[in-house]
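I opened my notebook for a look through this structure. Here is what I looked up, in the order I went.

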Amino acid sequence: MNQHQRYNIYLLTSLTAFISFRKRSGKKNQILPVLLLGILFTGIPFLLSAQTKEVVLTGRITDSKNNDPLAGVVVHIKGTTHQVLTDEKGDFKFITGQQVPLVYELSYVGFKSKEVSITNYDFTQISLDNNNKGLSEVVVVGYGTQRRSDVTGSIASVPKGLLSIPATSFDNLLQGGVSGVSVTQSSAQPGATSTIRIRGGNSITFGNDPLYVIDGFISYNNNAFSNSGAATGSKVSALATINPSDIESIEILKDASATAIYGSRGANGVVIVTTRRGKKGVDEINYSGYYGSQSASKKLSLLNGSQWASLVNDINLSDGVAKTYSDSAINSFGKGSDWQSAGLRTAPVQNHELSVSGGDEKSRYLISGNYYNQDGVVLNTNFIRYSGRLNYERNVSDNLKIGTNIYVSKSVQNGLAGAAITSISPASAWATLLQTVPIVPIKNPDGSYNTVNPYITTPTNPIQDITNTTNETNITRTLGNLYLEYKILNGLTLKVTGGVDLFNTKQNYYAPINTSGGYASGGFASVGTVAATSWLNENTLTYDHSIQEKHFFTILAGYTTQSQNDESAVASAQKFPNDLTSYNNLAYGATAVLPSSNSHSSTLNSFLGRISYSYLHKYNITISERADGASVLGSNNKWGYFPSVGVSWNASQEDFFKPISETVSNLKIRASAGQTGNSNVPPYSSLAALTPTNYYFNNTLVTGIAPVQLANPDLKWETTTQYDAGLDVSFFKSRISLIFDAYYKKTTDLLLNVPFPLYTGYASVLENVGSVENKGIEISLNADVIRSKDFIWHANIVFAKNENKILSLGKGTQNFTPTAPTGQQSPVIVQVGLPLGTFWGYSTNGLLTADDIAKGVPLLTGVPQKAGDRRYVALNGHTSVTSSDKHNLGSSQPKFTYGFSNTISYKGFDLSFLLQGSYGNKLFNQFEQIAEKPTLALNAAGTLANRWTVANPNGLNPRATNSPVPQVIDRYVEDASYLRLKNLTLGYNLPKEWLSKIHVKLFRVYVGAQNLFTITHYTGYDPEANYFDGDNTKQGIDFGVYPAVRTYLVGVNLAL
Amino acid sequence: MNKHIKYIVLSFILISSTFISCNKLVENPDSVIVSSQFYQTSSDAVAAVNAVYNTLNSDPLGDFPMYGRQLNLLTDNASDNQNFSPSNTNPDVRALSTVTYVSINGRILKNWQQHYFGINRANIAIDNIAAIPATAFPNPAQQTQLINEAKFIRALLYFNLVRLFGAVPLILHNPTSVDVSSLQIPRTPVDSVYGQIISDLKDATGLPATYTGANIGRASGGAAHTLLAKVYVTRKQWALAQTELQSIFSGGYGYALFANFKDVFQKATKNGIEHIFSVQYATNGGEANTTQYLSQSFNSFNTGTYPIDIPSDSSISALFDTTDTRKAVTFYTSQFNALNGQTIIYHNPYTPYFNKFVDYTLSPLNNQTISGINFPVLRYAEVLLLNAEVLNEINGAPTAEAYSAINQVRARAHVSDLTPGLGQSDFRDSVFLERRKEFIQEGQRWFDLVRQGGQVLVDALKVFPAKQAATLKDSLYPIPLTEIQLDPLLTQNPGW
């Protein structure tokens, strides 16, 4: 074992120690992980090694255009294994046993390769020619890389500038930088899940999230793995377990030519994430960190004490009972308690990232550690992540390369508990707090929490509920792979990869007896685990061949297999003598709750193949096919086949193009067609599964077993057929480049729960019926607006428009209504001819007047209506308003989305900002709908202050009655178009001259702000809200779960 | 080094090929039992029948249970006894209470679904248990008994359906295909549905007379006779009904009235001498999908909020004589809050509130969703009242035995004997009035009104301002519209 290896092992052990470091010690010790990181890297300088010496060969390599030195050029002595890299001055030095004459082979990304014959030992000056940018660039594609010039598919990269934006999770970085990718967060709670759609949603019921390929490891983002069921409230995003600052690049594969190689999992697009790796020749230590302060960017308007008391009196009036409060009592309540403000805080967020990377002729490595700690703006919520990574690659010999990527992280989320104050309220402690009556004091005079609330049954206090309830999710994730690349022959490479994703969740929940969650049960504790394991083995053969530098072939063939298993268990107990053991010892609970456990396994076996052919890098064609066999599908349809073809033409390479090549530097036309699939159904969906149930005989629990679903051996893939036409054009030496795509996608054989006549004993059967189409255009514009020596302004504009339409839901079904939140009428409908996420309800037209009633305007049936009630609009020809008068109130699908990102640098300063927006999308403001329902027990929306009374006949809201039925009406379908300044950062790089004296390569300080402003008409917390994130049929419902956040931060980047 | 490379490469390939050979696409579920593996042993048979009982106190999707909420909405909220409270904002519930429901009413659909869900489980149990070799049962009688228990529940559910909806599809087997068109069938005539009910119940009369130990709560032969009597009464087949009632009296079942009416709805006295068949509830640790929802008749000490349902108006509690002990068991107007030692008095236009299913052993009182109060489906008081009714019909006037039957029920409630010498019609009215007072919230009233004719239902409902929308078409519920859409062979009831 040599010095190198010993240090690598030392680093790895330290890293593991660092990761196992737990948050237990509390907030005071936040500095400790940073210290640990420091200690961890003290051994680094020893890493550089020396070689034995014979003769010395030196030289310098420069850019032929401007004679700038080129650093990192690979200088290889032909016919040997000797190679070095140039340093920052462009200089290289061999100490070698080789004798002249010899030949240098020079290669450098973005430049033409060159061979230079050397006949003496003098210092050699060599210049390299710049390749036409954009043509030689290599892009990441499925199972390999490809010259950008030869690409036939639609592949977009997330702009580098956006990758450095501070974010909890990398999905937050996908928005605004790539056209056709939409990201909506389910809530602003730290670590919350989000919904990611590439070119709209294809599936109605199952799986619309893209496929993630992280350093070659394929994984669906299954947020179910972070939720055992023991904790309550919204789930934790599985993506948040990945450290975003490790990411070097993100590529989005959008069309079939690009995604079909992922076959049955490519239909929703593919996100290829590549993490940073070491570069040859340079050992570098990087530290970056930031500290920020977050606050709620908006508060909802609620009734104050006096307003609430007056509302109660009006309800009494409509009930025909005496007023509850005298006028003087109403005045004395004043503003009352501001529960909303009491539950909020200014919350810190910090991130520290330390990495060491480097390499020599044979090995490249990167070791990084990350500590991220974000407190939520709501009390007692936060998200902490510790992570470590080792990326290592070594050329064992000329034809064998091995490597590994190992990532380990631990994430802890303290989430808002999910208790609901009434049966129709959102299951969120925050909603409970918002609905708590303002005349109830928050604290007693002695400073303790007031638990006397005569308006609810349980003597609790929502702030105390939030602070005392433990609702914790711990996720340990290990994502690792090993790979081997073996050059069997010249041009023929075998790649074998073995990888594993170990996803372990432990959830802890404890609601003490003094909280609403534990009051009824005498203290309620629950623990749950999920252990999800995914194994992946991939074996590919790639053959690269060119004939006379005219015909370029790349042929890929492979076999892969992936198996997945998840096991979960939940145990709970109630009636605890005290809170001392919290969730840690269920045996102290007097009453056990029936435990549960579960397990699922699935397998996917695949054959894949791809042929890329290019003639002179002008005419390109890519043909791919993948065959997938999935265990989760019916026994008659295990295998599916997913072909694609893509062609492209680099028109600008033609001779006839030469005259205008000064203006149009590049023009490429692309077209592709292909099929991809989706089989994201849970295991055992096609089987006649039986379920356990309970009954009691003589007070004793007995188990019953009976079918829950019918077998469907014909269950098969959803198939998406996609056509794409694209244009890549750049002007003025690539100063401006434009990418335009138009696409059409049709998804057939949808996996739908086909409704069955209920008299069969089954509500539905999972079958392949129906179809959905998505069509749209995408424009991406990149411009170096200013490109001078000191002043650079780079701008990126993206625009996307997608139209979604349901074409069929199967024979005889025109629509279905997704299940509404408990006790509510569903605001959404899934209907043929309309887009998914369509809101369905009544139009209204102000309030009924006595005149209207006298005239006999149509009234809502089933509810007695009087003057001051809402005036519902009957459709043409209807004399009364019934549920048949519900109609399309708009959809949550935007007309278009856009992003505008800029990086501007002037001398040492840099400024970047990202504006992002969406137009034409609607949100159903369900929290407002509930909050505008007057009751005697809950607080209500501030808008109810302006209600109809005899004295205020022009009020906005109807007269107060006791708990009317909340109807789905146009009022709550709000325009949620918005324009948001997502990020603004101003940085300063300390001058290189100063830094070089202290051997520092880079020192940058910056200040930033996130969500500085949002322009929108939407009245809820956040126009990007999406409560039912995973459910494609219930997009765009805002159930008011967590306030939106604005952040200010300062940070530093340091490189040694 | 170089010579080792091929070994490295080879071993990688070897490991890969292990992966390849291991990964079969056939599913061997580890956490799920599949139909083909089950229905082999006697304990499988027992579990299959337990699952049939389960449909009575739960919902497959976690909704409210059939006996415990959903059936109550159709038979009590839609009757003259009961209304929705202002706290109940479910539009479907409000529509049932105000008799303004339409054929897409979600609660009507839910009842339809829950009944057929239970019927399907019974069908599966009956067919699959019959296919198990008799040798699999240690006790040969067990096989028949389990089948007959399932038949009893199937009959009970079809009896509800045929009274709620009229002719309904008579389904007796689990579907064998997922092709909807092969499953569509028209409605089966009422007489044929009753034919199946009667045949199932006749089989079920062979069930054990009583159970002991861990079997208490299963359907008994007495329950089958009682239900059969009720079926015959509904069909006005008085003589057949009388035979069934006689076999209950003479069959040695040992049924009697509780001395105290309160004991019908107590946890301590569940499955007692008066209970012939009850849907079982137990105060549990939160088992999935089991919620006694009627117990939430009390859910708050806050006088500003209301229970889910309320009586139609104060005239309902005024039906009871001052001496009637049933009144205090049926309604409450105050609750004792043990936490602060105060008694909260509820006084508003919606009081008194219903009380029968409130579980007073639970503390704190807001935890009523885990109430352990059974729902009595058949009890001896009903046998007596059916007997009074049948004798009055058969003999053209009340006999002494008829008087004795009704007076036993009245005496237990501390109400004086019924006026002697009533004519047939007056006596009939007295029996229905007695049934009304005896069975509030017990899923009887709407059936009793319809049994007397559609006009009686309409007249009874129109007494209340909230129920003015009642018409003759309301004597049958509409077939849920979505069912007709999925099966064009189904026809709608008249007037819908």
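Before reading any strand partners, I noted that two strands pair if DSSP finds at least two bridges between them. I also kept in mind that this is a predicted model.

**Entry: strand 48 of chain A**

I began with Gly987(A), whose bridge partner in strand 49 of chain A is Tyr1006(A). Strand 48 of chain A and strand 49 (residues 1002–1010) of chain A run antiparallel, with 7 bridges between them. I then asked which residue is the bridge partner of Ser912(A) in strand 48 of chain A. I found Thr985(A) there. That pair belongs to the antiparallel pairing of strand 45 (residues 909–919) of chain A with strand 48 (residues 978–989) of chain A, joined by 10 bridges. Strand 50 (residues 1014–1016) of chain A also pairs with strand 48 of chain A, antiparallel and over 3 bridges.

**Entry: where chain A meets chain B**

I turned to the interface next. Chain A brings 89 residues to the contact and chain B brings 91. About 7,400 Å² is buried between chain A and chain B, and carbon and sulfur atoms give 62% of that area. How many salt bridges are there between chain A and chain B? I got a count of 0. Polar contacts did turn up: 25 residue pairs across the interface of chain A and chain B, with both residues at pLDDT 80 or more. On the side of chain A that touches chain B, strand 26 (residues 591–615) of chain A gives the largest share, 9 residues. I sorted that side of chain A into 51 nonpolar, 34 polar and 4 charged residues.

I also found strand pairing across the two chains. Strand 30 (residues 689–697) of chain A and strand 1 (residues 33–34) of chain B run antiparallel and share 2 bridges. Leu690(A) sits opposite Ile33(B) in that strand of chain B.

**Entry: chain B and one lysine**

Of the 496 residues in chain B, 60% are buried.

I picked out Lys151(B), in helix 6 (residues 140–165) of chain B. Is Lys151(B) buried or exposed? I put Lys151(B) down as buried, because its relative accessibility is 16% and the cut-off is under 20%. Beyond its neighbours within four places in sequence, Lys151(B) is in contact with Ile126(B), Asp200(B) and Asp203(B).

Notes:
Residues are numbered from 1 along each chain as its sequence is written. Chains are lettered from A and ligands numbered from 1 in the order in which they are written. This is a predicted model: local features need pLDDT of at least 70, side-chain atom pairs count only at pLDDT 80 or more; totals for chains, interfaces and linings use all residues. Side-chain values use heavy atoms; hydrogens and water are left out. Contact means heavy atoms within 4.5 Å. Buried area is the accessible area (1.4 Å probe) that two parts lose on being put together, summed over both. A salt bridge is a side-chain nitrogen of Lys or Arg within 4 Å of a carboxyl oxygen of Asp or Glu. A polar contact is a pair of N or O atoms within 3.5 Å; within protein, one must be able to donate a hydrogen and the other to accept it, and residues adjacent in sequence count only if both atoms are side-chain atoms. Helices (H or I, at least four residues) and strands (E, at least two) are DSSP runs, numbered from the N terminus. Ala, Val, Leu, Ile, Met, Phe, Trp, Tyr, Cys and Pro count as nonpolar, Asp, Glu, Lys and Arg as charged, and the others, Gly among them, as polar. Buried means under 20% relative accessible area, exposed over 50%, partly exposed in between (1.4 Å probe, protein chains only).
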